[in-house]
Amino acid sequence: MGDNEKQEKKATRKSISLETKMQVIRRLDSGERQSQISAALNLATSTIRTILKNKEKILSSATASTSSSATRITGSRNNIIEEMEKRLSIWIDDEIERNMPLSQSIIMEKARRIFNYIQVEASDISETYVASRRWFNRFKHRNNLHNIKITGEAASGDTKAAAEFPATLKTIIEQGNYPPELVFNVDETGLFWKRMPKRTFLSREEKRAPGFKAAKNRLTLLLGGNASGDFKLKPLLVYHSKNPRAMKGISKSTLPVIWESNKKSWITMKIFQDWFTEHFCPSVKRYCEINKLEQRALL
């Protein structure tokens, strides 16, 4: 490289503000990788390494020149993290009650999503939040979380069946020569549409108060479709009331769901059998007729 080229190279080098350097340091401390920071801030990875190397000097400079606006930004960020952790704790408690297994990666991803949502609520999207392992360890300690292996007859039975079923299903599909259009899958899910969190201090106090009943209004949905993805079954909805007050004067046949009722909002054997004969079979038959497919299906 000639002298002129070296001078031109030096001339294009840009200075980096103290604010940008501090942003790099905060992202590094939160566990974000150098390559991610480089792409997000349009900085060379060598620049990121240099900032990391001079971290103490940069922090000293920032402390000396801290303004009230910077203090407000840091305080705002800390408040958002605090609120995020409160909501995250409630979510974890709800998932544990539903016997849903939670890994570290699942909790960290949920933390990021909650943080981003609160930022939008607060109209403050100046920074992104990367939940690091160091943050997770502190959060785990504060909330007394510990990693355990799910045990018990039902859990071990489900795990074994789930591990064996894919091979069994593959054999059935191959022997029956079922195309993806004729392979259907359905699953039920509970939907809590009004619920008080149980592990907040306020919730515990209210539950002890005379006449209080924690809201747990829920319903069950049965959703499904075929493997090719071109046919979705009409959802089955099971609610505890056959004729809710809010549905007065509304014909259930006009709803985008099949309405059924059960005292506990469960899909009983009778409800499932009725759904299979009265709804699943006729709808699949029409689908096969329209697409000129053989009149058979695997559910």
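Leaving aside neighbours within four places in sequence, N262 is in contact with V238, Y239, H240, T268 and I271. The model in which these contacts are found is a predicted one. N262 belongs to the loop that runs between β4 (258-261) and α11 (269-290). Is N262 buried or exposed? Its relative accessible area is 18%, and buried means under 20%, so N262 counts as buried. The side chain of N262 also reaches the backbone nitrogen of K264, at 2.9 Å.

Which residues does L298 touch? Not counting residues up to four places away in sequence, they are L169, I172, I173, Y178, L182, V183 and F184. One of these, I172, is 126 residues from L298 in sequence, yet their C-alpha atoms are 9.1 Å apart in space. Y178, another residue that L298 touches, has the charged end of R296 over its ring, 4.4 Å from the ring centre.

Aromatic rings come next. How many aromatic pairs does a search of the whole structure find? The count is 9. In the pair W135 and F139, the ring centres are 5.2 Å apart and the planes meet at 20°, so the two rings are stacked. Both residues are buried. They lie in helix α8 (residues 133-142), 4 residues apart, which is about one turn of the helix. An α-helix has 3.6 residues a turn, so residues three or four places apart point the same way.

Helix α7 (residues 104-121) can be checked for its length. At 1.5 Å a residue, its 18 residues should span 26 Å, and the C-alpha atoms at its ends are 26 Å apart, so the two values agree. Which residues of α7 are buried? They are I107, M108, A111, I114, F115, I118 and Q119. These residues cover an arc of only 140° around the axis, so they are on the same side of α7. The face turned away from that buried side carries R113, Y117 and V120, which are exposed. Just after α7 comes S123, with a positive phi of about 55°.

Methods. Residues numbered from 1 in each chain as written. Predicted model: local features only at pLDDT ≥ 70, side-chain atom pairs only at ≥ 80, totals over all residues. Heavy atoms only, no water. Helix = DSSP H or I, 4+ residues; strand = E, 2+ residues; numbered from the N terminus. Expected span 1.5 Å × (residues − 1). Buried < 20%, exposed > 50% of the residue type's maximum accessible area, 1.4 Å probe, protein only. Arc of directions from axis to C-beta. Polar contact = N/O pair within 3.5 Å; in protein donor to acceptor, adjacent residues only side chain to side chain. Contact = heavy atoms within 4.5 Å. Phe/Tyr/Trp six-rings, centres within 6.5 Å; stacked < 30°, edge-to-face > 60°. Lys NZ or Arg CZ within 6 Å of the ring centre and 35° of its normal.
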